[in-house]
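Open the model in your viewer and keep the sequence panel beside it. The stops below say what to select and what is there.

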Amino acid sequence: MLSNWMMWMLISRLTGSPLLTLGAMAALYWGLDSFTLQLLPSPLRAWKRWRREHSLQRLLEVNPHDRRARYELADLWLARGRAAAAVQVLKPNLEAGDEDVATLYLLGAAYLGAGQAAQGELLLDEAERLEPGYGLGAIDLARGRSRLRRGELTGDKGALAALERFCRTRQGSVEGRVLLAQALERTGRDGEAALARAQAWSDYRAAPTFQRRRERLWAWRAKPSRPLAYAAALALLLLAGALIAKRMPAAAPAAQQSGWAEDGD
């Protein structure tokens, strides 16, 4: 806390403006995060994804039979949590005869995300039949995520079985470990859940940059104290900015009066 305040005062003297100071501090935190834990999202990447989505939508308005554009747009929408929209944009590909493993997997995952479990599980079963190890366990991850959300935890068709298989297949996945920890907690296995969370954070710290960027939100869930620390630092910055901004208008007239008095003398 003290170091944050000292940094604020130093930058304030350099910029001479609370707003510029706040912006400089935010940029500093963002820069430090980008070279360390990379927990903060990238506005530039989000903007690029948004532009690509709109470009694909315009393309499909002109040519609705472009299956590649449909697949890519469904993939982007599913990643953003728009599962129902992903189903609607990708389903024509399946109806047109695209029964490759990638289409079956993506549409199955979209159905699961949209709450249509029966259709999703059926498509994932077919994708697994075509290529059992597709995406280094991606099928088991989609199953585990959906079953956990539905509360189907135990048994051969439960979330625990799917997530344990996934974590054995793709060691180092932060998302897989966090989801497994959640499933373990809900079945009363708190000790194993704590170990899974600790392993998830350790895997995140050791992961390459591209994986950190993709799994930063899961890292927050693995170690909730980390986002709380970021939130506390941001709250301090905002509070300090508000206090300085509140004092500045009162100080300005006083300085002007002092200057007028000197002129009068």
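Predicted model: local features only at pLDDT ≥ 70, side-chain atom pairs only at ≥ 80, totals over all residues.

Is Leu-136 exposed or buried? Select Leu-136 to begin: its relative accessible area is 54%, so this residue is exposed, the cut-off for that class being over 50%. Leu-136 belongs to the loop that runs between α7 and α8.

**The whole chain**

Now zoom out and colour by secondary structure. The protein chain has 265 residues, of which 37% count as buried. Consider next the contacts between residues at least 6 apart in sequence: 50% of them join residues at least 24 apart.

**Helices α6 and α7**

Select residues 101–113, which form helix α6, and residues 117–130, which form helix α7. Their axes lie 7 Å apart and the packing angle is about 155°. An angle over 145 degrees counts as roughly antiparallel, and α6 and α7 therefore run roughly antiparallel to each other. The crossing of α6 past α7 is left-handed. To see the contact itself, show side chains on both helices: α6 contributes residues including Val-101, Leu-104, Tyr-105 and Leu-112, while α7 contributes residues including Ala-117, Leu-123, Leu-124 and Leu-130. Sorted by class, this contact of α6 with α7 holds 12 nonpolar, 3 polar and 2 charged residues.

**Tyr-105 and the core**

Stay on α6 and select Tyr-105. Leaving out neighbours within four places in sequence, Tyr-105 is in contact with Leu-124, Ala-127, Tyr-134, Ala-138, Ile-139 and Ala-142. The largest nonpolar core has 30 residues, and within it Val-89 and Tyr-105 touch the most other members. At least two residues of this core come from each of α3 (43–62), α4 (67–79), α5 (83–95), α6, α7 and α8 (138–150). With 10 residues, α6 gives the most to this core. Another core lies apart from this one; it has 23 residues, among them Phe-166, Leu-180, Ala-193 and Trp-201.

**Helices α4 and α5**

Which way do α4 and α5 run relative to each other? Select both and compare their directions: α4 and α5 cross at roughly 160°, and their axes come within 8 Å. They are therefore roughly antiparallel to each other. Here, α4 passes α5 in a left-handed crossing. On the α4 side, the contact includes Arg-67, Arg-70, Tyr-71 and Trp-77, and on the α5 side it includes Ala-83, Gln-88, Val-89 and Asn-93. The contact of α4 with α5 divides into 11 nonpolar, 2 polar and 2 charged residues.

**Glu-175**

For the last stop, go to helix α10, residues 174–186, and select Glu-175. Is this residue buried or exposed? Glu-175 has 11% relative accessibility and so counts as buried, because that class covers values under 20%. Now show what surrounds Glu-175. Not counting residues up to four places away in sequence, Glu-175 touches Leu-141, Arg-145, Glu-215 and Trp-218.

Definitions and conventions
Residues numbered from 1 in each chain as written. Heavy atoms only, no water. Axes fitted to C-alpha atoms, helices over the stretch in contact; angles between N-to-C directions. Helix = DSSP H or I, 4+ residues; strand = E, 2+ residues; numbered from the N terminus. Parallel < 35°, antiparallel > 145°, perpendicular 65-115°, else oblique. Left-handed = near helix turned anticlockwise from the far one by under 90°. Contact = heavy atoms within 4.5 Å. Nonpolar A, V, L, I, M, F, W, Y, C, P; charged D, E, K, R; others polar. Buried < 20%, exposed > 50% of the residue type's maximum accessible area, 1.4 Å probe, protein only. Core = buried A, V, L, I, M, F, W, Y, C linked by side-chain atoms within 4.5 Å.
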